[in-house]
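Take a moment to look at the model as a whole before turning to its parts.

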Amino acid sequence: MTPHFIAEALSRKLGERVSVRDIGMLYAEAIPFSPGGHKQADPLSGGVTALVSGDLSANPQVVESDVSPDSWNDSMVTWLVNPVPIPRRAPEGRAVTASNVEAIRETTAMFAKLDYRFGGGHARSTVVQYLAMEVEPLLKHVRPDTTLGKQFLSETAAMLRLAAWMAYDTGLHGLAQRYMTKALHLAREADNRMLGGRILAGMSHQANYLGHYGMAVNLARAATMGAQGAATPTAMALFSAMEARALASQGDEAACSRALSEAERWFEKRDPEDDPVWLRYFDEAELAAEFAHCYRDLGHHHRARDRVLESVQLSESLYVRSLSFVRTILATSHVADGELEHGLAVAREVVTTVADLRSARTRRYVRDFMKQLARFGNDPRVREFRTFAETRLAHARAEAR
């Protein structure tokens, strides 16, 4: 409430109305405040406004927030046991249009391509600006009980999911979780079970990355359960792949194999033309990459290598970050088989690419690879590679600042 008190004090002193926006504390705008009493924030736009405004103003309570496992659990339970959106009174004012819906859809697709190619940090702030200026002001006019309203909420949820993914990729994990939670809320209001499943799968991916393996399994299974009968085969394959990734992290080879088989079974039924734009990235190359990750985590380096080579061969050049991930797995498999020079050669190429990406995740992959080199002791080839990698990545970080 502090920004409101400051704005109120300045208003009295200056004799004219000063808002929290005027004093650069936009993040507080969605918090209900009135000297004569409180008012309720809009149920759809209020939470989004507070989140986006807090992100834009670099409010540390928002941007630097910690991940809460309880939040994942609450999201999952609400999605499964209370799936029906709450009926709401029709809003007043201008209505959203089909053009608004199309604009958000196309803009999300454009920003997603930048994310794939340059990393989440490249255009993240621009995505948040777009949400603040073009999307959030329209949310208060949306009628969730209409087809157009549901479409608008779905596309907004898809853009919020992308904002979450970009925050996740840059290491802002609490912020990413908040965006994911808001995205899931809007997907529920839109009654879009497939998109909700995609968001839960993203939560699973992040939970797995942060070491919450059991939660990651549950989130992926919730995605499958909640979207049953409402999702395309591609989406169902993705959900099973996320479950497999988490099971591999737990070292449960039998369950992981079952989940991978389920992912393949669904994938064989897919028709890409049936998939929404935000799902079309999940192709043959991406599925092969998921298998490679699982095999790496289970210690099957030969099988991981085969899947990496398949993924690299099938992948489009747009997916620079994904190719960096799988090529790091390839380098790891070479080192695990005693092919040190071959592994280091691949890793050098990866480092050169990663240095130009605004992605904390790709850098972690490189750091994890370097940990695998400890068994080679003071080998001069390893020393030379470490020096190269650390210098190249440090130089790139300095240029980014």
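This is a predicted model: local features need pLDDT of at least 70, side-chain atom pairs count only at pLDDT 80 or more; totals for chains, interfaces and linings use all residues.

Val81 is exposed, since its relative accessible area is 64%, and this residue is found in helix α4. Together with Val77, Leu80 and Met225, Val81 makes a nonpolar surface patch of about 370 Å², to which helix α4 (residues 69–81) gives the most, with three residues.

The chain has 18 helices and zero strands, and its C-alpha atoms fill a box of roughly 75 × 50 × 35 Å along the principal axes. For 401 residues, a compact globule would have a radius of gyration near 21 Å, and the 23 Å of the chain agrees with this. Of these 401 residues, 51% count as buried.

Which residues of α16 are buried? They are Leu340, Gly343, Leu344, Val346, Ala347, Val350, Val351 and Val354. Seen down the axis of α16, these buried residues fall within an arc of 165°, so they line one face of the helix.

Charged side chains supply another kind of contact, and the count comes to 23 salt bridges. In one of them, Arg105 pairs with Glu155, the closest N and O atoms being 3.1 Å apart; the pair links distant parts of the chain, with Arg105 in helix α5 (residues 98–118) and Glu155 in helix α7 (residues 147–169), 50 residues apart. Arg105 is partly exposed, at 24% relative accessible area, whereas Glu155 is buried, at 11%.

Asp169 forms a salt bridge with Arg321, with 2.9 Å between the closest N and O atoms, and here helix α7 is linked to helix α15 (residues 320–336) by residues that are 152 residues apart. Both Asp169 and Arg321 are buried, and both belong to a network of salt bridges that also links Asp115 and Arg361.

Finally, the side chains of Arg392 and Asp356 meet in a salt bridge of 3.7 Å, N to O. Arg392 lies in helix α18 (residues 380–400) and Asp356 in the loop between α16 and α17 (360–371), so the pair ties together parts 36 residues apart in sequence. Arg392 is partly exposed, with a relative accessible area of 23%, while Asp356, at 53%, counts as exposed.

How values were computed. Residues are numbered from 1 along each chain as its sequence is written. Side-chain values use heavy atoms; hydrogens and water are left out. Patches are made of residues with over 30% relative accessible area and no salt bridge: like charges are joined within 9 Å, nonpolar side chains (Val, Leu, Ile, Met, Phe, Trp, Tyr) within 5 Å. Accessible areas come from the Shrake-Rupley method with a 1.4 Å probe; for residues, only the protein chains shown count as cover. A salt bridge is a side-chain nitrogen of Lys or Arg within 4 Å of a carboxyl oxygen of Asp or Glu. Helices (H or I, at least four residues) and strands (E, at least two) are DSSP runs, numbered from the N terminus. Buried means under 20% relative accessible area, exposed over 50%, partly exposed in between (1.4 Å probe, protein chains only). The arc is that of the directions from the helix axis to the C-beta atoms. The radius of gyration is taken over C-alpha atoms; the globule rule is 2.2 Å times the number of residues to the power 0.38.
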